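Thanks for coming. I have one structure to go through today, so please look at the screen.

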Amino acid sequence: MKIFSAAQLHEADKITTQKHNITQLDLMERAGTQIFNWLHGRMQGAQVPVHIFCGIGNNGGDGLVVGRMLHEHGYNVKIYIANFTDKRSKCFLVNYDRVKDVTKNWPTLMTSEEDFPEISPEDIIIDALFGIGLNRPPEGWVKKLIQYINSTKSFKLSIDIPSGMYADKALDDPEAVVRANHTLAFQAPKLSFFLPETGKFVPYFEVLEIGLDPEYLHTTEPLAQIIAKPEAQQFYKQREKYAHKGTYGHTLVIAGSYGKIGAAVLSAKASYKTGSGLVTAFVPECGYTVLQTAVPEAMTLTDKEDDLITEIKLDFEPSAIAVGMGIGTKAETVRALEKLFTTTKSPMVIDADALNCISENKSLLEKLPELSILTPHPGELKRLVGDWKDDFEKLEKTKAFAKQHNVIIIVKGANTIVAIENRLYINTTGNPGMATGGSGDVLSGMIAGLLSQGYDPLIASVFAAYLHGSAGNQATHTLGFEALTASDIVEHIGAAFLELFAMKQEEDKNKNA
Ligand SMILES: NC(=O)C1=CN([C@@H]2O[C@H](COP(=O)(O)OP(=O)(O)OC[C@H]3O[C@@H](n4cnc5c(N)ncnc54)[C@H](O)[C@@H]3O)[C@@H](O)[C@H]2O)[C@H](O)CC1
Ligand SMILES: [K+]
C-alpha cells in the first residue's frame with residue numbers, strides 16, 4: 001500500500017472529480033458514508049450520545065455528512081462547529097445546510113471556551129476539526145478545545161487524521177493534537193502515523209477506500225510504501241523439490257568478540273532458520289567451542305586472535321555475508337573490515353560495530369560493495385548520517401545517504417523503515433517486546449539468509465524485516481512482551497513463514513468444503 005503526501009491527496013481528489021465526472025461534494029458524501037457505515041456497523045442504533053466537532057474545511061464537511069446520516073438513522077447526535085474563521089469551504093457550507101434538512105437539532109456554533117459542551121465519559125467524540133489541510137498549529141481557544149476533548153474519558157474517533165497533526169511533516173505543538181483512540185484515514189495512511197514522534201498519537205487506525213482515481217494512485221511515486229502481509233506474500237520464493245543444500249547458498253556470519261560471542265550464535269541460527277543452505281560463522285578463537293556447541297549445524301572458522309577479529313581468512317566463497325555484530329571497533333578489526341569490503345563480491349549486511357567502525361572511518365564508505373545493506377539502530381544511524389531535528393528530517397537524511405553511497409539502509413525501530421535511492425518501505429510487523437538485546441543480530445542473520453538464497457538485496461531487506469517482526473509477534477502468543485528474548489524470535493521464524501500463507505490455506509479449505 002502506498003503512502004501519499006497531503007499535496008498528492010489533494011491532487012488525487014482534484015483528478016478524481018475531473019476524470020470521473022463527479023463533484024467534490026460527491027466525494028465528501030462517499031467519505032462521510034464510509035465513516036457512517038463503520039460507526040453504524042458497530043453501534044447498531046445504540047443511543048450513546050455522539051458529539052461531532054467540526055472545523056470549517058472539508059474535514060469539518062465530512063463530519064457534517066456523518067452527523068446528518070446519524071440523525072437520519074435516529075442516533076443521539078450533537079454537532080458543534082468550531083467557528084474559528086468565516087473562510088468556510090464550499091462543501092462544508094452545502095453540508096451545513098443539508099443537516100438542517102434532517103433535524104431541528106441544528107449544529108451549535110462555537111466561538112470561544114464558553115461554548116464547550118459537557119461530555120460524559122461514556123459518550124463518543126468524533127473529531128472532524130482539521131484534516132490534511134492543517135497549515136499551522138491550532139492556537140487560542142481552538143487549542144483549548146483540543147485539550148478539552150483530550151481531557152474527557154470519552155472514546156475519540158478522528159476522521160482522516162487526528163486534528164492538529166500533519167500528514168507529512170513534524171508536529172509544531174504536541175499539546176494541540178487530538179489524542180484519538182482510533183483514526184479512520186481516507187484512501188491511504190499518512191506518513192506521520194508510522195514515525196515515533198507522531199505515530200504515538202495514532203495508536204490504531206484503519207484505511208477506508210473512497211475511490212480516488214486508481215490511475216493516479218498507481219502511477220504516482222509515493223512518499224513511502226507499506227509492507228504488510230499482501231506485499232510479503234509476493235516476496236516469498238517457493239523452495240524447489242529437487243533442491244539440495246547448495247541451492248540455497250552458503251552464508252558467512254562474521255561476528256563476536258570476547259564476551260559477545262552470543263551475537264554470532266544468534267545471527268548464525270537466524271540465517272539457518274531463514275533458509276540458508278549452509279552457514280559458516282567466523283569468530284575470534286575464544287568463540288569456537290561456543291559456536292560448535294550452540295549451533296552444531298554451523299561450520300566455524302576462527303581468527304588467529306583469541307578475543308577479537310583481526311584478519312578474515314576464508315576457505316570458501318560465501319553467497320552472502322552478515323558482518324559486525326559484537327565485533328568491537330579496535331584498529332585491527334577496522335583493518336580486517338577494510339580488506340573484506342575491498343575484496344569481497346558477495347552481497348553484504350553490515351551491522352552494529354561494523355557500522356560504528358564506518359562512522360569512525362568514513363573512508364570505508366567508499367569501499368562498500370554496491371547495494372550493501374546497512375542496519376543501524378537510531379544511535380548508529382545518527383553517527384552515520386549526522387543528527388536530525390525531527391523524524392521527517394531523519395528520513396530525508398537517510399534517503400540522501402543511501403543514494404549518495406548506493407547502499408540500502410534499514411532504520412530499525414517500532415516501524416522499521418528501509419531506504420533505497422529515493423524510496424522508503426515501512427514495515428508493519430513487530431511489537432514492543434522486541435526491544436530486547438540481540439534482536440538486531442537476529443535480523444542481520446535473517447537478511448543474509450535470504451540474500452544467500454538469491455533474494456535481491458531490496459527484497460531481502462524488506463522481507464526479512466517483515467518476517468523478523470512477524471516472528472516476534474508469533475512469539476508473543478505464548479510469551480507476552482516482557483519475556484520475549486532474541487532467541488525466541490529465532491525460534492519463531494518458522495511460524496512466521498507458515499503464517500504468511502495461513503489465511504490463504506484457510507480460505508482454500510473453505511472453498512473446497
Ligand atoms: N482526497 C481526499 O483525501 C479527500 C479528503 N476529504 C477531506 O478533506 C480534508 C482536507 O480538507 P481541507 O479543506 O483541505 O482542510 P481541513 O479540513 O483540514 O481544514 C483546513 C481549514 O482550516 C484552516 N486552517 C488550517 N490550519 C489551521 C489552524 N491551525 N487554525 C485555524 N485554521 C486553520 C485552513 O486554512 C482551511 O481553511 C481531508 O482531511 C478529508 O477529511 C474529502 O472530504 C474527500 C476527499
Ligand atoms: K480530524
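Ala 352 counts as buried because it has 26 C-beta neighbours inside 10 Å. The cut-offs are these: a residue is buried if 20 or more other C-beta atoms lie within 10 Å of its own, exposed if 12 or fewer, and partly exposed in between, with C-beta atoms placed from the backbone. Ala 352 sits in helix α12. Helices here are DSSP runs of H or I, at least four residues, strands are runs of E, at least two, and both are numbered from the N terminus. Ala 352 is not a glycine, yet its phi is positive, about 45°. For background, most residues other than glycine have a negative phi.

This is a predicted model, in which local features need pLDDT of at least 70, side-chain atom pairs count only at pLDDT 80 or more, and totals for chains, interfaces and linings use all residues. Residues are numbered from 1 along each chain as its sequence is written, while chains are lettered from A and ligands numbered from 1 in the order in which they are written.

Gln 187 also has a positive phi without being a glycine, near 70°. That residue is in the loop between β7 and α6, the latter spanning 196-199. Is Gln 187 buried or exposed? Gln 187 counts as buried, because 21 C-beta neighbours fall inside 10 Å.

Now the chain as a whole. It has 19 helices and 18 strands. Of its 513 residues, 48% count as buried. The C-alpha atoms fill a box of roughly 85 × 55 × 45 Å, taken along the principal axes. Two residues are in contact if their C-beta atoms, placed from the backbone, lie within 7 Å. Among contacts between residues at least 6 apart in sequence, 73% join residues at least 24 apart.

Next, two helix pairs. Two packed helices are described by the angle between their axes and the distance between the axes. Axes are lines fitted to C-alpha atoms, for helices over the stretch in contact, and angles run from 0 to 180 degrees between N-to-C directions.

The pair to start with is α3, residues 58-72, and α4, residues 90-102, whose axes are 8 Å apart at an angle of about 15°. That makes α3 roughly parallel to α4. Angles under 35 degrees count as roughly parallel, over 145 as roughly antiparallel, 65 to 115 as roughly perpendicular, and the rest as oblique. The residues of α3 in this contact include Gly 60, Gly 61, Leu 64 and Gly 67, and those of α4 include Phe 92, Tyr 96 and Val 99. By class, the contact of α3 with α4 divides into seven nonpolar, six polar and three charged residues. Here Ala, Val, Leu, Ile, Met, Phe, Trp, Tyr, Cys and Pro count as nonpolar, Asp, Glu, Lys and Arg as charged, and the others, Gly among them, as polar.

The other pair is α13, residues 378-385, and α14, residues 391-405, with axes that come within 11 Å and cross at roughly 60°. α13 and α14 are therefore oblique to each other. From α13, Leu 381, Leu 384 and Val 385 meet Lys 397, Thr 398 and Phe 401 of α14. That contact of α13 with α14 has four nonpolar residues, one polar and one charged.

Which residues of α13 are buried? They are Glu 380, Leu 381, Leu 384 and Val 385. Seen down the axis of α13, these buried residues fall within an arc of 110°, so they line one face of the helix; the arc is that of the directions from the helix axis to the C-beta atoms. They pack against α12 (352-360), α14 and β16 (408-411). After α13 comes Gly 386, with a positive phi near 95°.

On the α14 side, Lys 394 lies in the helix and is buried, with 24 other C-beta atoms within 10 Å. The C-alpha atoms of Lys 394 and Leu 381 are separated by 9.0 Å, at 13 residues apart along the chain.

Last, two loop residues. Glu 118, in the loop between β4 (108-110) and β5 (124-128), counts as exposed, with 7 C-beta neighbours inside 10 Å. Leu 171, in the loop between β6 (155-159) and β7 (182-186), is partly exposed, with 18 other C-beta atoms within 10 Å. Leu 171 touches Met 165, Val 177, Glu 197 and Thr 198, not counting residues up to four places away in sequence.
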